[in-house]
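User: I would like to learn how to read pockets and salt bridges in a model like this one. Could you take me through them one at a time?

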Amino acid sequence: MISKVKKITILSLFPKMVEDALSHSIIKRATDANLVNIEVVNFRDFSNNKHHNVDDVAYGGGPGMVLTCQPIVDAIRKFKTENSLVIILNPSGEPYIQAKAIELANNEKDLILICGHYEGFDERIFEYVDLEISLGDFVLTGGEIAALAITDSLVRLIPGVIKKASFEEESFMNGLLDHPSYTKPRDFEGHLVPETLFSGNHKKIAEWRHEAAYEKTLKKRPDLILKKTKGGN
Ligand SMILES: C[S@@+](CC[C@H](N)C(=O)[O-])C[C@H]1O[C@@H](n2cnc3c(N)ncnc32)[C@H](O)[C@@H]1O
């Protein structure tokens, strides 16, 4: 049970991009209600270079600019406490999955998320972080979208942000995809809502949903069923 407000500090060269995305809907309501405290910091402000540079050419040559150690390491030092988990966003990191979102939401650690840009980080920056996370096997222009995806996915799991029942049966929560959902009309261009959902029998509906979730997972993501059978998440 979380007893303190989780703090998420996002270090980015494009803070407005992050702030804008966080100023809507459920995440905004969660921050307004002080269920989470999110701070977005431009690590350029930590550059001790007189032009506030944060990048330089790569030793050995090559295209693109590399983020230098000093501004990022100084920003980490400023915000890190003994209760922080410092996470760097990078394609070479551990792939992000729902189980990690649950873990990050349910522990008492504050998070520092570091967004790279350009050609990426000077390799020595990895010495100063606790965890490296990737959003998936593709390359983004910067870590902002990854930081936003992580923030969004874990904030909605913080107690009080949305109803527990809303996410308990969601995709990946029990090793399956979510069950199919339907709303009005009952008949859309000949596509009918399954009869069981009108039965009023909650037990039968729950059984139908579980079965439908299983069938859907088997069809769309058989790898999840295999993992579940082997006892994974
Ligand atoms: C253009 S990328 C650098 C890619 C790097 N040269 C490589 O090939 O691995 C710039 C920044 O975007 C972020 N980024 C790109 N792809 C990402 C991913 N799949 N997951 C998390 N962050 C990513 C990282 O912060 C990275 O430093």
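User: How much space lies in the largest pocket?

Analyst: A pocket is found on a 1 Å grid over the protein atoms alone, as an open set of points where a 1.4 Å probe fits, with protein on both sides within 12 Å along at least five of seven lines. Grid points are joined across faces, edges and corners, and the volume is the space filled by probe spheres set on the points. In this predicted model, local features need pLDDT of at least 70 and side-chain atom pairs count only at pLDDT 80 or more, whereas totals for chains, interfaces and linings use all residues. Residues are numbered from 1 along each chain as its sequence is written, and side-chain values use heavy atoms, with hydrogens and water left out. On that basis the largest pocket holds about 380 Å³ of space.

User: Which residues are closest to the centre of the largest pocket, and which elements give two or more residues to its lining?

Analyst: Lining residues have an atom within 4 Å of a point; there are 16 of them here, and Y96, I97, Q98, A99 and F172 are the closest to the centre. Helices (H or I, at least four residues) and strands (E, at least two) are DSSP runs, numbered from the N terminus. The elements giving two or more residues to this lining are α4 (98-106) and α8 (222-229), and α4 gives the most, with 4 residues.

User: Where does the largest pocket lie relative to the domains, and how does its lining divide by class?

Analyst: Domain bounds come from an automatic or database domain assignment, which here divides the protein chain into domain 1 (6-155) and domain 2 (169-229). The C-alpha centres of the two domains lie 36 Å apart, and the largest pocket lies between the domains because both give residues to its lining. For the classes, Ala, Val, Leu, Ile, Met, Phe, Trp, Tyr, Cys and Pro count as nonpolar, Asp, Glu, Lys and Arg as charged, and the others, Gly among them, as polar. This lining has 7 nonpolar, 4 polar and 5 charged residues.

User: What lines the second largest pocket?

Analyst: The second largest pocket, with about 290 Å³ of space, is lined by 21 residues, and L89, N90, P91, V139 and L140 lie nearest its centre. At least two lining residues come from each of β5 (84-95) and β7 (131-134), with β5 supplying the largest share, 3 residues. By class, the lining divides into 11 nonpolar, 9 polar and 1 charged.

User: How many salt bridges does a search of the whole structure find?

Analyst: Side chains of opposite charge can pair when their charged atoms come close. A salt bridge is counted when a side-chain nitrogen of Lys or Arg is within 4 Å of a carboxyl oxygen of Asp or Glu, and the search finds 13. One of them joins E39 and K7, whose closest N and O atoms are 2.7 Å apart; because E39 lies in strand β2 (residues 36-42) and K7 in strand β1 (residues 6-12), the pair ties together parts 32 residues apart in sequence.

User: Which other residues meet in a salt bridge at 2.8 Å?

Analyst: R156 pairs with E170 at 2.8 Å, N to O; R156 lies in the loop between α5 (144-155) and α6 (164-168) and E170 in the loop between α6 and β8 (187-188), so this pair ties together parts 14 residues apart in sequence. R221 and D223 also meet at 2.8 Å, N to O. Salt bridges that share partners join E94, K100 and E103 into one network.
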